[in-house]
Amino acid sequence: MPKKMHIKLNVNGKDEEFLAEPRELLIYTLRERLNITGPHIGCETSHCGACTVTIDGKSVKACTIFAAQADGKEVTTIEGIGGPDDLHPLQNAFKEHHGLQCGYCTPGMITRATKLLEENPNPTEEEIRFGMAGNICRCTGYQNIVKSIQAAATEMNAAKEAAE
Amino acid sequence: MKDEVTREERVDNLKGMGCSRKRVEDARFTQGKGNYVDDVKLDGMIFGDFVRSPYAHARIKSIDTAAALEVPGVLAVLTAADLEPLGLHWMPTLAGDKQMVLADGKVLFQGQEVAFVVAEDRYAAADGIEAVEVEYEELPVLVDPFEALKSDVVLREDLVAEDGSIPDGAHGPRKHANHIFTWEAGDKDPTEEVIANADIVAEEEMYYHRTHPCPLETCGCVASMDKVNGKLTLWGTFQAPHAIRTIVSLISGLEEHNIRVISPDIGGGFGNKVGAYPGYVCSVVASIVTGKPVKWIEDRMDNLMTTAFARDYWMKGKISATKEGKITGLHCHVTADHGGFDACADPTKFPAGFMNICTGSYDIPTAYLEVDGVYTNKAPGGVSYRCSFRVTEAVYFIERMIEVLAIKLDMDAAELRRINFIKKEQFPYTAALGWEYDSGDYHTAWDKALKAVDYEGLRAEQAQRVEDFKAGKTRKLMGIGLSFFTEIVGAGPVKNCDILGLGMFDSCEIRIHPTGSAIARLGTISQGQGHATTFAQILASEIGLPADSITIEEGDTDTAPYGLGTYGSRSTPVAGAATAMAGRKIRAKAQMIAAYLLEVHDNDVEFDVDRFVVKGAPEKFKTMKEIAFAAYNQAIPGIEPGLEAVSYYDPPNMTYPFGAYVCVMDIDVDTGVPEIRRFYALDDCGTRINPMIIEGQVHGGLTEALAVALGQEIAYDDMGNCKTGTLMDFFLPTAWEVPNYETDYTVTPSPHHPIGAKGVGESPHVGGVPCFSNAVQDAFRPFGNTHTNMPHDHWRIWKAANELGLHG
């Protein structure tokens, strides 16, 4: 058995430190080792995006990156985006606009959408569809996901304007 | 007492039927707090995974597990030899056949389960799988069902007698060792006679390719045998948890009361999670053997290659008509590829599902259907992928035959449909193949749809486009896809629908709490349909308590009443009806309590939104909330305390949702890329419970239809290798490929359903597939195309254009 590696991560603001085999995938670390089960496994080939997390500001599919590759980095999952007392506008918009059905893709979808809106706070529909194309949903046909992201963008921009 | 709140406000406050109530499920899903089967964690839990066959047909000469057992973390390796003493090396299928749990001497499809490795974690299980040595002897492979029916190669030696004769199967006589059944509906001779003597006959052969439901969450389970109490708990991705409990009891010998099956949140089903799979059996056995909870979760390749394919129907049709276009007869023969085991998930008496709805929405006086089921070296399954049993195949068949007939008649396909629709006044209508359609108003829906899209304008634009194409001004053709579908859902009446002998009723149990809130439990299980939201709406309207005060629970066989589960759009037609009926029982008791409290006769009070009022004196009333409390604190003569009800609903008939769809598509003949310009979908699902959820279901179903029509398939090479085992090869549309849809509706309530609802989840898939396909075919109609097979991926569209000489 290969030597275990010493890995340090910051996940959702909390420092984590553990020994893991080099082959341990980040999604396994999150779900099995740290009990962070928001990110899901849908394909294990980086096609579906159910496992999407944010690593040092970039959207990453956690099923095809080793925990060791995330060593020293900051990881954000859906659990770090918002909870009952501080819902993210995207979380609220997905509910308001029926942007989910079975819910399995939703954590990855919302996690990806947070980055999309950071990179482009005023996306067109086409930009949303292109920017979300790495995340597959089998239930909604995307129409209401697009609507949800548009609504969240509007709300976030209005809040930003009000703050300025 | 003066009522400050208006009646309208009281209605709104209930959030009952007809309002777009936001989903109560969404809070947990949007915050990553869903509880799917892979999120279930138990102390000491271990993991199982399969050694799978690389061959499609091979004899197993030996299995050596010694090296695997030396791998650190590996605890056990099960083979058929280990399961045989328990009688569990084979299991019954839902179709009356049996299926190997682990390869018993041979394998019949690539990916078949050969051994089950149990280990401390998933990595150790994977290491163990690598170390199991299996020696195979390859056998000739049959992937073509027509060839299989002629071949000397016997796939299922277990189904051939020692003298070489072929015993009957579960559905009657078999013609060949690789033949499973022949199933017929309608009148053969009269149909052939009508067709032989008809003015016009159109014939077509079409292949409805093999595909897969592919929910985003794969199948899996956690089995936990508590040896101290003798109780087995089984969590899993089960669309029919109660049926799974019964099956587990029957095959394991454990008494049913000692088995608790739990379907937690399910990440989409679409038919994939109806069946019983070897992984479930092996997990249960492994838990019994090790005394530890065992988790098994498919990876995507396991899922696509082994559990629950859909379709794979080779259909041959003849349709006859008068010169004026009135259809006189329909003949359909299907060669159905069922793979290595017949594990189709259909009601017992319907081995080809409801394929005999294939006369569609048309008044066809004479018809005949014959289906031959065939074994091949492909994965077993044959589930209904987002449709009621084989209805997608049936609707595709008739909607293509209509188009082919229109070409033969040189007639507009919209008009041909119109003159053949079953008329509103003909309902209830008994079709030539036996079904009694409960209700419909097809002409109104069709006219509304054609008007909405300006059908005549579209045809004029298309004609101009053809001219421009011929003149070299454009390389894009325009297709107008039409489809009009009638579904048959809500299986079903116990008199003709059962699965493994279990009647296909469904159930609801309601408890009203003293303070006027409630819990209702049902025999179904949501996989994204939003039952917790919509069933509460039905109840709110029926019992006058706010939907927000009603918890809906499903999926735990220890607490929920028995039901046959969620598939075939049966939840609303059957469990929804049970919910309404149970609600009415609550109301009946509430009426007696109200009358007692108001000191009048039972018949002198009437229900009004959220209360019972004294007839003619609306200022005298008791709200349902007050009545609920009284049920628990008053000693009422002749009435038991409490306020509970249960209903087991056996529907008198299926329901028949219908719809009219139009797709406008541009096709680049040089790249084969289709661009969907417009998609209009009118659905009539009877009474509408939650318009927001209906629209969401339509968007999703249309997108799955787009996938199937335009690229998604499970394909094999001649060696039986599955070529589409990952999402690299298996097409799932992304946001980039999917258009915006326009939704519309008419409302024709079901006359026999307590609230008139018909079900909607599958309609868009059933109607959508022929609509997308017809759009592609229609684009090429001016150049001599009558039919090309799906899936219409870019390559096949390019090829169709090429074969029509459009590349110069």
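In this predicted model, domain 1 and domain 2 of chain B bury about 1500 Å² between them, with 50% of that area on carbon and sulfur atoms. Three residues, B:Gln527, B:Thr557 and B:Tyr562, supply 37% of the area that domain 1 of chain B buries against domain 2 of chain B, which is more than any other three residues. The contact draws 21 residues from domain 1 of chain B and 19 residues from domain 2 of chain B, while the centres of the two domains, taken over C-alpha atoms, are separated by 40 Å. Three salt bridges are found across this interface. A salt bridge also joins B:Arg28 and B:Asp265, whose closest N and O atoms are 2.7 Å apart.

The domain assignment divides chain B into domain 1 (7–34 + 506–649), domain 2 (37–141 + 218–266 + 274–306) and domain 3 (394–488 + 654–803). Chain A, for its part, is assigned domain 1 (5–80) and domain 2 (89–163). The centres of these two domains of chain A, again taken over C-alpha atoms, lie 22 Å apart, and 18 residues of domain 1 of chain A are in contact with twelve residues of domain 2 of chain A.

| Interface | Buried area | Share on carbon and sulfur | Salt bridges |
|---|---|---|---|
| Domain 1 and domain 2 of chain B | about 1500 Å² | 50% | three salt bridges |
| Domain 1 and domain 2 of chain A | about 1100 Å² | 53% | zero salt bridges |
| Chain A and chain B | about 4600 Å² | 54% | five salt bridges |

The contact between the chains takes 51 residues from chain A and 54 residues from chain B. B:Arg122 forms a salt bridge with A:Glu32, in which the closest N and O atoms are 3.0 Å apart. B:Arg122 is also among the residues nearest the centre of the largest pocket, together with A:Glu44, B:Asp49, B:Ile297 and B:Asp299, out of 38 lining residues. The elements that give two or more residues to this lining are helix H1 (26–33) of chain A and, from chain B, strand E1 (46–52), helix H5 (122–131), strand E14 (294–297) and helix H10 (300–306). The largest pocket has a volume of about 910 Å³, and its lining comprises 19 nonpolar, six polar and 13 charged residues.

The model contains eleven cavities of 30 Å³ or more, and the largest cavity holds about 520 Å³ of space. Of the 36 residues that line the largest cavity, B:Gln529, B:Ser569, B:Gln697, B:Val760 and B:Gly761 are the closest to its centre. Because domain 1 and domain 3 of chain B both give residues to the lining, the largest cavity lies between them. Helix H15 (531–543), helix H16 (571–598) and helix H18 (691–710) of chain B each supply at least two of the lining residues, and by class the lining of the largest cavity has ten nonpolar, 21 polar and five charged residues.

Over all chains, the structure holds 65 salt bridges. One of them pairs the side chains of B:Asp312 and B:Arg210 at 2.6 Å, N to O. This pair links distant parts of the chain, since B:Asp312 belongs to strand E15 (residues 309–321) of chain B and B:Arg210 to strand E10 (residues 200–211) of chain B, 102 residues apart.

Terms used. Residues numbered from 1 in each chain as written. Chains lettered and ligands numbered in written order. Predicted model: local features only at pLDDT ≥ 70, side-chain atom pairs only at ≥ 80, totals over all residues. Heavy atoms only, no water. 1 Å grid on protein atoms, 1.4 Å probe; cavity = no way out; pocket = protein on both sides within 12 Å on 5 of 7 lines; lining within 4 Å. Points joined across faces, edges and corners; volume = space filled by probe spheres on them. Helix = DSSP H or I, 4+ residues; strand = E, 2+ residues; numbered from the N terminus. Nonpolar A, V, L, I, M, F, W, Y, C, P; charged D, E, K, R; others polar. Domains from an automatic or database assignment. Contact = heavy atoms within 4.5 Å. Buried area = accessible area lost by both parts, 1.4 Å probe. Salt bridge = Lys/Arg side-chain N within 4 Å of Asp/Glu carboxyl O.
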